[in-house]
Amino acid sequence: MRNLAPYPLFALRSLAANRVQLIPMNQPILTLNGFDITLGAVSLAFAAAVLALLIAIAVLAARGSRRRLEDTIRQERQDEAMEQRIADLARIQAETAGRLQALGEGLGGRQAELARVMAERLDAVSTRIGHSMDETTRQTVARLQSLNERIAVLDHAQKNLSELSGQVISLRDVLGNKQARGAFGQARMETIIQDALPKPLYAFQYTLPNNTRPDCVIFLPDQRPLVIDAKFPLEAITALREGKTDEDRGRAAQRLRQDVWKHISDISEKYLLPGETQDMALMFVPSESVYAELYDGFDDLVQKAYRARVVIVSPSLLMLAVQVMQQILKDARMRDAAREIRTEVGHLMEDMNRLRERVLKLQQHFGHAADDVAQIVISADKISKRGGRIEALEFPDGASTAEPRLRPVPRSLEAGE
């Protein structure tokens, strides 16, 4: 019987059905792109494909079994770990129950101790609160008394404020009147001058050579007076402050420039006399706020006053200027008295030389007296030594050695020897 293994299945079926003659294995059955494909090659390719499929199925089966084995091992390990964890949890639960029981017992004891301590502290706090309430009551009473005293002081201050308000109203009335305002500025300027300078160095209402009478003059070392004018046009400043619209304030500012410049021109023309007065005059403004407002809003007017040799001063600047003048006058008096000072210093040096000579003479007398005292001390020492020998009956050779019956010399006679 022939070997039928190399033939494919469909060939065997064809042979069994038709009983025809077998086809040779090397006979081409298909030509593809000029390449002959034989029945043997097709059979080998099919067998190789079946073999590869079987190998793949075997590999997949082996992998599946190995994976199932690994899953089984992993599951067993997880079960063992879970059992271990359950055992640990049971052990921990038992330990926790014991600890909770011990903690409960400890908490019960501590709660009782805490209740006792809280009761003691509440008693102490109650006592302290009682003492504190008593002390607070005493302090409150004292503070209320102090508050009553302060209220009485405030009442007194309120009365003083009422009186001050009346004085301010009267001051406003004074400043509203031109003559009264001039008298107020004059009085304030006179107070500043009188407090800073001695009487011969200033004069009020002094008559200049042109028969004008400024409010005040200060006589400087060259005997030319420095003129101070205490009048100031305040109506324009009041109108400027009370202006409600820009137009009103503009008109008031223009009026202020005109009034102040006219006053500056009058001072320059009347009181600045070449060779008779100082080259500069002071225009006194009796209000610091008015002075600040002039310098802040009317700098051009201040510069024109400088060019006209008129300096606008406030009360504080007038005090400073007067102090500077006082120092200038003091320096002038020192220069004038320099010759007399030198003469007096010469007399003082002569007196010092005479004093030195007399001190040297006194020193010589003290030296002679010291020598005399030293000689006296030597004589006293000799007398003391002789008295000691006499008391001890120590005499020179040749003197009588008989022991006379004499009384001992009293100790009181030793000091008189």
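**Helix packing, salt bridges and a buried threonine**

The buried residues of α4 pack against α5 (246–271) and α6 (288–297). Here, buried means under 20% relative accessible area, exposed means over 50%, and partly exposed lies in between (1.4 Å probe, protein chains only). Contact means heavy atoms within 4.5 Å. The model is a predicted one: local features need pLDDT of at least 70, side-chain atom pairs count only at pLDDT 80 or more, and totals for chains, interfaces and linings use all residues. Residues are numbered from 1 along each chain as its sequence is written, and side-chain values use heavy atoms, with hydrogens and water left out.

Helix α4 spans residues 235–242, and its buried residues are A236, I237 and L240. These residues lie on the same side of α4, because they cover an arc of only 100 degrees around the axis. The arc is that of the directions from the helix axis to the C-beta atoms. Helices (H or I, at least four residues) and strands (E, at least two) are DSSP runs, numbered from the N terminus.

A buried residue is also found in a loop. T277 lies in the loop between α5 and β6 (281–284). Its relative accessible area is 1%, so T277 counts as buried. Leaving aside neighbours within four places in sequence, T277 is in contact with L208, R224, P225, V227, Y271 and L272. The T277 side chain also takes part in polar contacts. Such a contact is a pair of N or O atoms within 3.5 Å; within protein, one must be able to donate a hydrogen and the other to accept it, and residues adjacent in sequence count only if both atoms are side-chain atoms. The side chain of T277 reaches the backbone oxygen of Y271 at 3.0 Å. A polar atom of that side chain lies 2.8 Å from the backbone nitrogen of L273.

Charged pairs were examined next. Side chains of opposite charge can pair when their charged atoms come close. A salt bridge is a side-chain nitrogen of Lys or Arg within 4 Å of a carboxyl oxygen of Asp or Glu. The structure holds twelve salt bridges. One of them joins R91 and E95, at 3.2 Å from N to O. Both residues lie in helix α2, four residues apart, about one turn of the helix. R91 is partly exposed at 43% relative accessibility, and E95 is partly exposed at 37%. D88, R91 and E95 are linked in a network of salt bridges.

E113 and R116 form another salt bridge, at 2.0 Å from N to O. They are three residues apart in helix α2, so about one helical turn separates them. E113 is partly exposed, with a relative accessible area of 38%. R116 is partly exposed at 39%. R138 pairs with E135, their closest N and O atoms being 2.4 Å apart. These two also lie in helix α2, three residues apart. R138 is exposed, at 51%, whereas E135 is partly exposed, at 34%. An α-helix has 3.6 residues a turn, so residues three or four places apart point the same way.

Nonpolar side chains also reach the surface. F46, V50, L53, L54 and I57 make a nonpolar surface patch of about 510 Å². L53 belongs to helix α2 (residues 39–176). With a relative accessible area of 54%, L53 is exposed. Patches are made of residues with over 30% relative accessible area and no salt bridge; like charges are joined within 9 Å, and nonpolar side chains (Val, Leu, Ile, Met, Phe, Trp, Tyr) within 5 Å. Accessible areas come from the Shrake-Rupley method with a 1.4 Å probe; for residues, only the protein chains shown count as cover.
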